[in-house]
Amino acid sequence: NYHRHQQSRKAESYLQTALQVEPTNPDALHMLARVISEEGGRFDEAETMYKKALEFHPSHIDSLWSYGSFLMDFRKDVHGAEEMYAKALEADPILVSGDVPDHDDLEGEGQSESQ
């Protein structure tokens, strides 16, 4: 666990450096959001990074998909997750079509988490 934490801190540092060079890079914003939400538990900051990535690049598949997962896993926001998954599917139906959970699956996850 300590080793993984150290790797996450190093990744966060590299991503912050990349964003200093290119502040609107969607890959760096999306990856930073993932690192700080999954390892650091800094959910508000992670959500800001996802929103910033999508503000600059509204069709960025990885950001849409990861933000949908973030909304489902950390915010328990079924409808927000569905919206992000739908946008990802709209942006590239072939890339993600097999991975998109249906509405009933999402509703079931949201309910089981809140019970």
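**Ground rules.** I number residues from 1 along each chain as its sequence is written, and my side-chain values use heavy atoms, with hydrogens and water left out. Since I am working with a predicted model, I take local features only at pLDDT of at least 70 and count side-chain atom pairs only at pLDDT 80 or more, while totals for chains, interfaces and linings use all residues.

**Confidence.** I looked up pLDDT, the predictor's confidence in each residue, from 0 to 100, and found a mean of 85 for the protein chain, with 79% of its residues reaching 70 or more. Helices, in my notes, are DSSP runs of H or I with at least four residues, numbered from the N terminus; confidence in the protein chain is lowest in helix H7 (residues 103–114), at a mean of 55, and highest in H3, at 96.

**Salt bridges.** I searched the whole structure for salt bridges (a side-chain nitrogen of Lys or Arg within 4 Å of a carboxyl oxygen of Asp or Glu), and the search gave six. For accessibility I call a residue buried under 20% relative accessible area, exposed over 50% and partly exposed in between, with a 1.4 Å probe and protein chains only.

I first noted Glu38 with Arg34, where the closest N and O atoms are 3.7 Å apart. The two residues are four apart in helix H2 (residues 26–38), which means that about one helical turn separates them. Glu38 is partly exposed at 46% relative accessibility, and Arg34 is also partly exposed, at 31%.

I then looked at Arg75 and Asp44, whose side chains meet in a salt bridge at 2.8 Å, N to O. This pair links distant parts of the chain, 31 residues apart, with Arg75 in the loop between helix H4 (61–73) and helix H5 (78–91) and Asp44 in helix H3 (residues 43–56). Arg75 is partly exposed at 30%, whereas Asp44, at 59%, counts as exposed.

Salt bridges with shared partners join Glu12, Arg42 and Glu45 into one network.

**Glu12.** I placed Glu12 in helix H1 (residues 2–21) and found this residue buried, with a relative accessible area of 18%. Taking contact as heavy atoms within 4.5 Å, and leaving aside neighbours within four places in sequence, I list Leu32, Val35, Ile36 and Arg42 as touching Glu12. The C-alpha atoms of Glu12 and Met31, 19 residues apart along the chain, are separated by 8.6 Å.

**H3 against H4.** With axes as lines fitted to C-alpha atoms over the stretch in contact, and angles from 0 to 180 degrees between N-to-C directions, I read an angle of about 150° and axes 10 Å apart for H3 and H4. The two helices are therefore roughly antiparallel, a label for angles over 145 degrees. Residues of H3 including Phe43, Tyr50 and Leu54 take part in meeting a group in H4 that includes Ser63, Ser66 and Leu71.

**Ser66.** Which residues does Ser66 touch, not counting those up to four places away in sequence? I found His30, Arg34 and Tyr50. Ser66 lies in helix H4 and is buried at 11% relative accessible area.

Definitions and conventions. Parallel < 35°, antiparallel > 145°, perpendicular 65-115°, else oblique.
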